[in-house]
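These are my notebook entries on what I looked up in one chain, written while I kept the sequence and the model side by side.

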Amino acid sequence: MAYAASSTRPRSVTFRKPTRWICTSEPVQCHRCGMEWEHGDPALTLPCAGCGADAGEPCQRRSGGNETVCIKRDRAAEAAGLLRPCERLTWDGRHTKPLRLSGVPLPHMLPVLTGAPVSRVL
Ligand SMILES: [Zn+2]
Ligand SMILES: [Zn+2]
């Protein structure tokens, strides 16, 4: 069951608080190497083998922190050639590319479970 990212239909998924809102097609940037993905995190175009999120949906780990994807999703994106390992010296070669978080559900946005504060620049 996949919704288009452009869908404006309200979703009936129940999330634990606090919930933020994200847009999967907004640009994201790696805080370490500076690489930018203009059309959103490539890993989000794949379903997540870590938490079961559908393609185009943010990860949904019950522990929260879902502005960053599961490691399995990053690895799947690398295996599919969508993502190259981060060139900065990270312990696992993963980019640090959190989704931008909104405190209000603007059109085209999906809920994401996280305790992180709202991003300053949207
Ligand atoms: Zn996941
Ligand atoms: Zn990087």
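I began with the pairing of E1 and E4, which run antiparallel and are joined by four bridges; two strands are said to pair if DSSP finds at least two bridges between them. Strands (E, at least two residues) and helices (H or I, at least four residues) are DSSP runs, numbered from the N terminus. For Arg20 I looked up the bridge partner in E4 and found Val112.

Before going further I noted that this is a predicted model, in which local features need pLDDT of at least 70 and side-chain atom pairs count only at pLDDT 80 or more, while totals for chains, interfaces and linings use all residues. Residues are numbered from 1 along each chain as its sequence is written, and chains are lettered from A and ligands numbered from 1 in the order in which they are written.

Next I asked myself which side chains of E1 are buried.

**Overall layout**

I then read along the sequence and found the pattern β-β-β-α-β, with one helix and four strands in the chain. Of the 122 residues in the chain, 26% are buried. I also looked up contacts, where two residues count if their C-beta atoms, placed from the backbone, lie within 7 Å. Among contacts between residues at least 6 apart in sequence, 62% join residues at least 24 apart.

**The helix and the cores**

In H1 I found Arg73, Asp74 and Ala77 buried. They cover an arc of only 100° around the axis, taken from the directions from the helix axis to the C-beta atoms, which means that they lie on the same side of H1. After H1 comes Gly81, with a positive phi near 80°.

I looked up the largest nonpolar core, which has 10 residues, among them Ala43, Leu44, Val69, Ala77 and Leu83. Such a core is a set of buried Ala, Val, Leu, Ile, Met, Phe, Trp, Tyr and Cys residues joined through C-beta atoms within 7 Å. Not counting residues up to four places away in sequence, Ala43 touches Val69, Arg73, Asp74, Ala77 and Leu83. Apart from this core lies another, of seven residues, including Val28, Leu99, Leu101 and Met109.

**Residues in the loops**

Where is Cys33 placed? I found Cys33 in the loop between strand E2 (28-29) and strand E3 (36-37), and Cys33 counts as partly exposed because it has 17 C-beta neighbours inside 10 Å. Leaving out residues up to four places away in sequence, Cys33 touches Cys86, Glu87, Arg88 and His95. The C-alpha atoms of Cys33 and Thr96 are separated by 8.5 Å, although these residues are 63 apart along the chain.

I next turned to the loop between H1 and E4, where Arg94 is found. Arg94 has 19 C-beta neighbours inside 10 Å and therefore counts as partly exposed. Leaving out residues up to four places away in sequence, Arg94 touches Ile71, Asp74 and Cys86, and the C-alpha atoms of Arg94 and Ile71, 23 residues apart along the chain, are separated by 8.1 Å.

Thr90 also lies in the loop between H1 and E4, and with 14 other C-beta atoms within 10 Å it is partly exposed. Between the C-alpha atoms of Thr90 and Arg32, 58 residues apart along the chain, I noted a separation of 8.5 Å.

I found His108 in the loop between helix H1 (71-79) and strand E4 (110-113). His108 has a positive phi of about 75° although it is not a glycine, and it is partly exposed, with 16 other C-beta atoms within 10 Å.

Which residues does Val118 touch, not counting residues up to four places away in sequence? I found Arg20, Leu101, Ser102 and Gly103. Val118 is in the segment after E4, and Val118 is partly exposed because 13 other C-beta atoms lie within 10 Å. From C-alpha to C-alpha, Val118 and Leu101 are 5.0 Å apart in space and 17 residues apart in sequence.

Conventions: A residue is buried if 20 or more other C-beta atoms lie within 10 Å of its own, exposed if 12 or fewer, and partly exposed in between; C-beta atoms are placed from the backbone.
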